[in-house]
Structures are given as structure tokens and as C-alpha cells.
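Biologist: I would like to go through this model feature by feature. Please give the general idea each time, and then the case at hand.

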Amino acid sequence: MEMNKNQDNTDFMKETIKKRPLNKRKLVQRTLITAAMAVIFGLVACLTFLLLEPVISKKLYPEEEPEKVVFVEEPEENEILPEDMIVDDSQMQPQPTEPPALEDKQIEQVLSEMELGTEDYLSVMDSIREVAWQVRQSVVTVVGVTADVGWLDNEHESEGAVSGIVVADNGRELLILANTRSIDEADSLKVAFADGEEYDASIKKRDNNTGLTVISIPKSKIKSDTLEMAKAVTLGTSGGHITGNPIIALGRPVGTEDSLCYGNITSTGNAIRLPDSNYKYMTTDIYGSSNASGVLINLQGQVIGIIDMSHNSSDMKNLVSAIGISDLKRLVESLSNGKEIAYFGIYGADVTEEANEEMGVPFGAYITEIDMDSPAMDAGIQSGDVIVKLNETEVNSYDDLVKAILMEEPEKELKIELMRQSPEGYAEMELEAVLGLKQE
């Protein structure tokens, strides 16, 4: 009885713990907030890494800035430098005296001593071959690789190739100059050197006017032996009196890799019709391929022309021709330094003294033609105008105008001063233009 009483007294101490009802809405909210915070944290972390990684890498692994490529203008052949005109007494030559009369036997003896035999000829050819061999080590093959799909949906790669030349070394990259117009559609580029090594390459800058491209390969990816072999070539001069001079064609003058031809320059004064340029065309007596590529060098091993067969006339389409290197130096320098080439869209000529005196045409850059829809046309330039000033640069010839445009960049605003013919004579005008970028 007492036992039941105690049991009754403890009944009130029993508790039942009920589970708190699950609030699904709050659970979903917390889950979403947690996921959002994780995403935000990840984005912040990624952004921080992207911003700081270059700075940290630069601190830990400092990389030198590429050196600026500069090509020194060489004096034209046969040009007398000012220092060459100064002579001292030791250089003065006495008055020439009457040469002694030579007997017939003496003349015959001199002539016989001057005769060249087979060994002499072979010696001369060996010397020329040695010059070609030295430059040949800097000649490369630029291969354009394109991925194609056949009729049966099978993928395959096609390749096109042109010859190029190692033109500069900026400390970080090896720079190669080539006319890539025939491989423009390539998906990727490779460069094969004379030692058989092949490397992936990329376009540094391209000129859509000439088709010339500077291609770069990081030096860190090139073997030391290849770097030691493939030195930058020396750029010579294509001006002066060089018509008739012997030359060597290297690269693919006959359309096949690593071909070589000897010949002579037949002309150098032919103008090439391209906008914003004043390039001269060099022709030779070398019969080659209509798809030839490569370079022309003189007997000193200097590059004097970049082979380009696209400007040949129909009756000489297989004669190897080239653009003179003197006219290209400024362009190649700009491309090597990664500079965009500005486009204006004009063709012109110099004003001759005869035109100035007899017709009153002012000296400057005489505009002969303008490209349709070009920056020059948009600015209001007309055929027959004579441009005398571009920004702060005085223009006394068409070549002055070409140089001034090459120094500018696309999207740059220009202030142009020109003379335009009117019923009362030439009147001064001022126009403004915005340079563009020539499309392919």
C-alpha cells in the first residue's frame, strides 16, 4: 500500500521530450546562404589570386623587358661620308706622271698572267658558297598548319610553307620576318630551323599592306645550339647604283625548301603600287618559281631584298623579284617592336622642279589617288592635293609623308595642311583625319 503511494508521488516527475518541428524554410535559407557565401569566397579568392599572381611572380621571377629593336640606316653604296672628304697631307697623291710605254711582249706577259683557270673559278665559287652558307643558317621555314575536315568527316591537317629570316633578337624572343600572305588561313605556325629543330611560333605583328609578318619564338623554348646558330642577319642597302651587281637568292627561290640561286640585279627603280608606301621593286635574272619566297643577299652576306613575286608582270612572272630592304627597314622595325601599322589610304609622288617652275605646283606630297572608304577619303583629301604638313612635321616630298604616317598609330587624329588647286591658283587648306587599320 505504501509502495503504491510512493509510485503515485513520482508520477508527476516524468517528462516527455518532444522533437522540435523541422522548419524547412529556414533550412533552405541557411543552405542557400552557406552556398552563396562559399561562391563569394571562391570568387574573391580567385580574383585575389589573379591580381596578385603576376605581382608575386614578377617579384620572385623577375623577367627583363624586351629590348627595343632598332635598325641603323646604312649609307647608300658609293655614297661619300663627310669624314671621308677630309684628308691630310699624307693622303695627298702626287701629280700622275706619264706611264712608261710597254713593249708588245710585256703586254702579252701581263695578259697571260691575268688569265683565270678552272681552279681560280672554283675558288671564287667556294667563296660565294661560304657567304651563302653563313646566311643560310639564319634562314628558316615557316609552316602554317590548318585543320581540315574531309568528305567522310575525317579530320586531317594541311600545311603550307614559306621561307623567312631571323631578323632580330630582343633579349626575350627570337624574331623572324616572312611574307605570310600564302598561309594567312593557318590555324597555327611552326618554324623549322636549319639544324632541323622545329618550334611553335606566334605572330607578333603583321602588316596587311605588304603581307610581311614578324613571328616570335620565346628564347626560353629554343635550344642553345639553335640560338648559337641562328643569329640575326645584317640588313644592307638596296639603294645606290647596285643594278648589275651579283646577288644570291636563299630560301625557296625555285619553290622548294633550302634552294639557292646565283644571279644579278637587273633593275631597282620600279615602284610598287601600295597605299601609304614608297617601296621599290628589285628584279633579277634568276628564273624561279612564281611562288618563290626568301631573301636576296649581296656578296657581303647582307640582306638587300625580301622576295615577293606578287608584283611581277605577266611576261616576267617567273623572274625572282624582291622589295628593297632600304624601304622596308622602318616597317620591319615597327613590326618587331609590336607596333600597329596605321592606314591612311593615299598614293602619291614627289613634285618635280619642272612641275613647280612651269605649273606652279607647290613642293610637298602630290596625291595621285585615294582608296575608297579610307581615312583619307573620309577626311576630304582629293587627287591633285599637295600635302605640305602633317601635325608638326613639314612634308617636302611623298617619302616625307610616308615616314610621318608610319610614325603614327591607328585611331590617332591628324591635322593636315595642304594646297588645293583653284581657279586663282593653289589655296591653303586645313583638314583633320583619323587614321585606321588596314583590313586584310
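Predicted model: local features only at pLDDT ≥ 70, side-chain atom pairs only at ≥ 80, totals over all residues.

Biologist: Which residue is the bridge partner of Arg420 in β18?

Modeller: Arg420 has Ala427 as its bridge partner in β18. Strands β17 (residues 413-422) and β18 (residues 425-434) run antiparallel and are joined by 10 bridges. The two form a hairpin, with 2 residues between them.

Biologist: What should I expect of the side chains along a strand?

Modeller: In a regular strand they alternate between the two faces of the sheet.

Biologist: Which strands does β9 pair with?

Modeller: Strand β9 (residues 280-287) is joined by 4 bridges to β8 (residues 259-271), and the two run antiparallel. Within that pairing, Asn270 has Tyr281 in β9 as its bridge partner. Another 4 bridges join β9 to β12 (residues 319-324), again antiparallel. There, Thr283 stands opposite Ser321 of β12.

Biologist: How much of the model can I trust?

Modeller: Start with the confidence score, for the chain and then for its stretches. The protein chain has a mean pLDDT of 83, and 78% of its residues reach 70 or more. Over residues 76-92, however, the pLDDT is below 50, and this stretch has 14 contacts in the model beyond near neighbours in sequence.

Biologist: What does the chain contain overall, and how many residues are buried?

Modeller: The protein chain has 9 helices and 18 strands. Of its 440 residues, 39% count as buried. Its accessible surface comes to about 28,100 Å², with 53% belonging to carbon and sulfur atoms. Among contacts with a separation of 6 or more, 61% are between residues 24 or more positions apart.

Biologist: Is Thr213 buried or exposed?

Modeller: The test is relative accessible area, with buried meaning under 20%. Thr213 has 0%, so it counts as buried. This residue lies in strand β6 (residues 212-218). Leaving out residues up to four places away in sequence, Thr213 touches Ile176, Leu177, Ala178, Thr180, Ile203, Lys205 and Arg206. Thr213 and Val332 are 119 residues apart in sequence, yet their C-alpha atoms are 8.5 Å apart in space.

Biologist: Where does Thr226 sit, and what does it touch?

Modeller: Thr226 is in helix α5 (residues 224-229). Its relative accessibility is 1%, so Thr226 is buried. Apart from residues up to four places away in sequence, Thr226 touches Phe193, Asp195, Glu197 and Tyr199.

Biologist: How many aromatic pairs are there, and which residues form a pair?

Modeller: For ring pairs, look at the distance between centres and the angle between planes. The count comes to 1 aromatic pair. Phe193 and Tyr199 form an edge-to-face pair, 5.8 Å centre to centre, with 75 degrees between the planes. Phe193 is buried at 6% relative accessible area, and Tyr199 is buried at 9%. Both residues are among those that Thr226 touches.

Biologist: Where does the charged end of Arg273 sit?

Modeller: A charge over a ring is judged from the ring centre. The charged end of Arg273 sits over the ring of Tyr347, 4.4 Å from its centre.

Biologist: Which residues of helix α9 are buried, and what do they pack against?

Modeller: For a helix, list the buried residues, then the elements they contact. In α9 (residues 398-406) the buried residues are Tyr398, Leu401, Val402, Ala404, Ile405 and Leu406. They pack against helix α6 (325-336) and against strands β13 (346-350), β14 (365-370), β15 (386-390) and β16 (393-394).

Terms used
Residues numbered from 1 in each chain as written. Heavy atoms only, no water. pLDDT = per-residue confidence, 0-100. Contact = heavy atoms within 4.5 Å. Buried < 20%, exposed > 50% of the residue type's maximum accessible area, 1.4 Å probe, protein only. Areas by Shrake-Rupley, 256 points an atom, 1.4 Å probe, with all protein chains shown as cover. Phe/Tyr/Trp six-rings, centres within 6.5 Å; stacked < 30°, edge-to-face > 60°. Lys NZ or Arg CZ within 6 Å of the ring centre and 35° of its normal. Pairing = 2+ DSSP bridges.
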